[in-house]
Amino acid sequence: MSRDLVVALSGGIGGAKLALGLSHVVAPEDLLIVANTGDDFEHLGLSVSPDIDTLTYTLAGLDNQVLGWGRRDETWSFMETLESLGGPTWFRLGDRDLALHVERTRRLRGGETLSAITADVARRWGVGPRIVPMSDDAVRTRVLSDGGWIDFQDYFVGQQCRPVVRELAFAGAEAAVAHPDVLAALASPGLKAVVICPSNPFISVEPILAVPGIRAAIAGCGVPVIAISPIIGGKAVKGPTAKMMGELGLEVSAAGVAARYGSLISHYMLDHEDAGAVVAQRACQAPTLMRTLQDKIALARAVLAAVA
Ligand code: FO1
């Protein structure tokens, strides 16, 4: 059997960007993207799955490239009216985006699984690769700060990542069942490589690894596991990665992230700016800042070439 299957672990904006690049290089049937669901939460009675939606919108060409989340061509009548009613507007839901949350919530309440709904939405919007939640069970990232434990979206959006992060927890992970398609792909004789996208290791990747069986399945998959550094020149490309690393007492560098992944990864992709970094894994270099679609495709090619 030819080895063509690529499994990518993705969360946040950086993950979605590389997933898009990979979708232009790997045949749709050979790309399975494991989506982090630790960011998920209930808001206004709706089930919101930000990392699944960022991936789906990005691969469907519907993503809002200015905001980095939600949809392009958005209108905000719902939020304006909600504000006039004194409702909570800290987490912004565009009118088109809202339809997805309402429909997902309706179907979940009707007994469908998150993964079945995710697959159907992707199909309807022309997304070829498989987007699979790490689990159909609820896993929720929580942040311990000086004021106590807070939910992820309260930390990330409500408080704009200001609270100091003392500890992270992934509530529900120990009881969550890894999605069978993820475990099957990682055990497949057709597996070529596992790609850990340039996502925040703590809030986008480690919730996935916290689901029982997934870390072991990656460790035992027998093919290269490559992570792309989310840090370039000591700074996070986007989001709170660098701030969090400092607060969690880790070296804020590309090498610090490689050390965090440790023996789980066999290869590590660094930006040229960090060429001198000393890492335990096999180090590869490429431009890792993705602005244009060509950047994303070029990085995807470099990643697959590094593990060929
Ligand atoms: N991020 C924000 O910073 N502000 C928002 O108002 C916001 C709304 C939002 C709505 C839907 C959605 O899918 C994502 C949204 N995000 C927002 C991003 C969200 O916080 C994600 O968890 C981050 O992208 C990190 O993965």
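Reader: How do the residues of the shell around the ligand divide into nonpolar, polar and charged?

Author: In this predicted model, 13 residues surround the ligand. Sorted by type, the shell around the ligand holds two polar and four charged residues, and the others, nonpolar, number seven.

Reader: How far is an oxygen atom of the ligand from an N or O atom in the side chain of Asp 39?

Author: Asp 39 is listed among the closest residues, with Asp 51, Arg 92, Gln 153 and Val 157. A polar contact requires N or O atoms within 3.5 Å. For the side chain of Asp 39, the distance to a ligand oxygen is 2.6 Å.

Reader: About how much space lies in the largest pocket?

Author: The ligand takes up space that is the largest pocket. The lining of this pocket divides into 21 nonpolar, 17 polar and seven charged residues. The space in the largest pocket is about 930 Å³.

Reader: Which helices each supply at least two residues of the lining of the second largest pocket?

Author: The second largest pocket holds about 270 Å³ of space. Among the residues closest to its centre are Ile 13 and Lys 17. The helices that each supply at least two lining residues are helix 1 and helix 2.

Conventions:
Residues numbered from 1 in each chain as written. Predicted model: local features only at pLDDT ≥ 70, side-chain atom pairs only at ≥ 80, totals over all residues. Heavy atoms only, no water. Near = heavy atom within 4 Å. Polar contact = N/O pair within 3.5 Å; in protein donor to acceptor, adjacent residues only side chain to side chain. 1 Å grid on protein atoms, 1.4 Å probe; cavity = no way out; pocket = protein on both sides within 12 Å on 5 of 7 lines; lining within 4 Å. Sits in = over half its atoms within 2 Å of the grid points. Nonpolar A, V, L, I, M, F, W, Y, C, P; charged D, E, K, R; others polar. Points joined across faces, edges and corners; volume = space filled by probe spheres on them. Helix = DSSP H or I, 4+ residues; strand = E, 2+ residues; numbered from the N terminus.
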